[in-house]
Amino acid sequence: MQVTSAIRETLVTGGKTVADVSHDISRQVEGKPTRLWWMAFGVSLVLLTYGAYCCWMMLWNGIGMWGLNKTVGWAWDITNFVWWVGIGHAGTLISAILLLFRQRWRMSINRAAEAMTIFAVICALSFPAFHMGRLWLGFYWALPLPNAFGSLWVNFNSPLLWDVFAISTYFSVSLVFWYMGLIPDFAVIRDRAVRMGNKTRALIYNGLSFGWDGAAKTWMRYESVALILAGLSTPLVLSVHTIVSMDFATSVVPGWHTTIFPPYFVAGAIFSGFAMVLTLLLVTRKVFKLEDYITIYHVELMNIIIIITGSIVGIAYITEFFIAWYGQVPAEQYAFINRATGPYWWAYWSMMTCNVISPQLFWFKKIRTNLVATFILSIIVNIGMWFERFVIIVTSLHRDYVPSSWTMFHPTMYDIGQYIFTFGIFFTAFFLFAKFFPVINMAEVKSIIKATSEKKSTHTH
Amino acid sequence: MAAKENFLVGIFDDEDILLHAVEKIRDKGVKIKEVYSPFPVHGLDEALGYKRTRLPIAAFMFGMTGTSLALFTQIWMLGYDWPMIIGGKNFASIPPFIPVTFEFTVLLSAFGMVGTFLVVSDMKPYKWPRQYDIRSTDDKHVMAIDLGANKISKDDIHRILKDSGASEVNEKSF
């Protein structure tokens with residue numbers, strides 16, 4: 001028996017039945033793609049192609065194609081890397097942490113959010129990989145493999161190497177978690193294909209579902225696996241951005257050398273991730289007509305998480321400033337004054353406006369339940385979080401300890417092209433996912449439908 | 001060629017009816033082969049009398065393998081095989097080895113457990129499952145009763161299934 005609190009809002013509207021769930025979600029996999037889908041997919045492919053050209057030029061000619069110089073040796077590449085990794089965090093938070101907390105509202109959004117995680121991490125991985133200059137030697141350099149230097153091993157004391165392990169583990173475990181969720185849903189599409197007489201599709205989706213049968217014993221094991229994967233992913237996701245922040249925090253660069261970085265980065269990651277989930281889901285629910293599954297209530301709950309994490313990030317900004325003053329280290333103090341009033345003041349204040357001030361608008365219920373306002377604010381948050389990373393990285397580097405080497409960073413079209421390339425990967429992958437995979441976890445939504453769907457028959461008035 | 005296996009297949013529309021039905025049918029002494037559901041039904045595994053899965057133990061063992069392998073590798077590589085002076089620190093100091101050890105623990109634990117799950121559940125891409133009723137992935141709960149394994153007559157089982165709330169009872173042979 002499922003018991004739910006009477007004061008909770010319904011998670012699935014429109015009086016859906018279990019059969020409706022199979023139909024509504026499988027329909028977009030079975031039908032021909034719409035014109036809107038083709039247009040969106042086409043734009044993504046254009047981005048991907050242009051980006052791939054820029055990548056090719058960069059690989060052919062070397063990192064000199066980017067705007068990096070001797071003082072600013074890290075700029076857009078690592079900014080984009082941290083930005084994308086951060087975006088990925090929301091997916092794991094929704095699917096793992098909210099599962100452990102038994103939050104049922106995660107069920108209709110976890111599939112798309114996890115897909116977003118995986119694609120975002122692929123985008124993130126591309127930056128350090130390309131920054132190595134010789135992409136094809138990346139594995140050889142980054143992993144502890146026997147090599148020709150007399151087996152001089154990789155340096156396990158370096159946060160950059162921790163990153164290699166953290167990001168690759170995060171990617172592969174997220175992929176497995178996501179795929180585990182997809183297995184029963186692939187079986188739904190397989191059986192529908194059998195009933196429609198589409199043999200090819202039935203074979204493909206049976207292969208994807210690993211011959212899923214839905215037996216009680218399999219479900220028992222499956223649920224146990226899902227719970228443990230959630231338990232493993234929770235510390236994993238927290239460790240990933242912690243380790244990313246240690247790339248900076250373990251250095252002795254003013255503005256980076258702060259102990260607040262790990263929690264501050266994790267909060268920022270979840271903040272930007274939820275913003276991206278909202279951007280994507282607001283479009284997806286419209287295009288695939290999923291308004292009954294991804295309701296205003298879901299949007300509102302996600303906006304509440306944005307207020308919380310946005311406020312944590314705001315407090316972190318202020319704390320950093322306070323500690324710089326309180327710590328009385330001149331170099332540290334200068335780094336922060338320079339951020340706010342130096343040549344990159346515009347980046348700093350864009351970050352403050354987008355991340356700290358604008359999300360506070362969600363305190364108003366009217367705004368956090370308004371889809372247009374949410375969509376606009378979610379994009380603003382993403383812009384703000386990009387600026388946050390840019391501010392941390394470039395403003396700390398461009399004013400070195402040696403004033404004669406002070407300089408500015410100017411991105412070239414290849415910096416921009418590399419960023420566009422990742423947008424191309426991200427959206428191409430997301431649109432393919434949305435077309436060929438069920439975008440909502442059918443099995444999970446079916447399991448709550450009896451308890452939380454508003455049934456037509458129960459309305460007595 | 002193996003002898004044909006004959007089944008009675010009960011179809012249930014609702015998970016609560018199903019749960020009560022499982023208890024009732026088992027009380028009557030009918031052996032249930034398996035129940036197939038479109039979504040996990042909580043309490044069904046206990047109602048069917050299944051023992052708790054030991055997959056968590058497998059996950060733990062794989063995780064411990066990861067921990068020890070990662071620690072051993074790092075200590076051996078940087079401590080013994082090719083010691084390097086990095087910031088004047090110990091060759092094999094444990095704290096900087098923790099992040100990689102943790103990640104490797106999670107990696108082996110997750111992959112080991114999922115791999116074990118696929119093996120014990122006999123799931124593979126080229127296998128077509130035995131389907132008693134194709135609606136079991138859509139919205140029906142399907143109960144399969146092996147007539148060969150039960151001493152009670154077919155008609156009696158049919159009646160018991162109907163009495164406990166099955167919306168349909170069909171025969172199926174493989």
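Visitor: What is the relative accessible area of Lys127(B)?
Guide: Lys127(B) has a relative accessible area of 22%, so it is partly exposed (buried means under 20% relative accessible area, exposed over 50% and partly exposed in between, with a 1.4 Å probe and protein chains only). This is a predicted model, so local features need pLDDT of at least 70, side-chain atom pairs count only at pLDDT 80 or more, and totals for chains, interfaces and linings use all residues. Residues are numbered from 1 along each chain as its sequence is written, chains are lettered from A and ligands numbered from 1 in the order in which they are written, and side-chain values use heavy atoms, leaving out hydrogens and water.

Visitor: Which side chain does Lys127(B) meet in a salt bridge?
Guide: Asp122(B), at 3.6 Å from N to O. A salt bridge here is a side-chain nitrogen of Lys or Arg within 4 Å of a carboxyl oxygen of Asp or Glu. Asp122(B) is partly exposed too, at 36%.

Visitor: How many salt bridges are there over all chains?
Guide: The count is 21. One of them joins the side chains of Arg106(A) and Glu444(A), 2.8 Å from N to O. That pair links distant parts of the chain, 338 residues apart: Arg106(A) is in the loop between H3 and H4 of chain A, and Glu444(A) is in helix H16 (residues 442–452) of chain A. Helices (H or I, at least four residues) and strands (E, at least two) are DSSP runs, numbered from the N terminus.

Visitor: Are Arg106(A) and Glu444(A) buried or exposed?
Guide: Both are buried.

Visitor: Over in chain B, which residue forms a salt bridge with Arg130(B)?
Guide: Glu5(B), with the closest N and O atoms 3.1 Å apart. Arg130(B) sits in the loop between helix H4 (98–120) and S3 of chain B, while Glu5(B) is in the segment before S1 of chain B, 125 residues apart.

Visitor: And which ring does the charged end of Arg130(B) sit over?
Guide: The ring of Phe174(B), 4.4 Å from its centre. The rule asks for NZ of Lys or CZ of Arg within 6 Å of the ring centre and within 35 degrees of the ring normal. Lys217(A) likewise lies over the face of Tyr50(B), at 4.5 Å from the ring centre.

Visitor: That one crosses chains! How many residues of chain A are in contact with chain B?
Guide: 62 residues of chain A touch 59 of chain B, where contact means heavy atoms within 4.5 Å. The two chains bury about 5,600 Å² between them, 70% of it on carbon and sulfur atoms. Buried area is the accessible area (1.4 Å probe) that two parts lose on being put together, summed over both.

Visitor: How many salt bridges are there between chain A and chain B?
Guide: One. Arg195(A) pairs with Asp138(B), the closest N and O atoms being 3.5 Å apart.

Visitor: Changing topic: why is strand S1 of chain B largely enclosed by the rest of the structure?
Guide: Because six of its seven residues (6–12) are buried.

Visitor: Which way do S1(B) and S4 run?
Guide: They run antiparallel, with six bridges joining S1(B) to S4 (residues 168–173). Two strands pair if DSSP finds at least two bridges between them. In S4(B), Asn170(B) is the bridge partner of Val9(B). S1(B) is also joined by six bridges to S3 (residues 141–146), again antiparallel, and there Ile11(B) stands opposite Val142(B).
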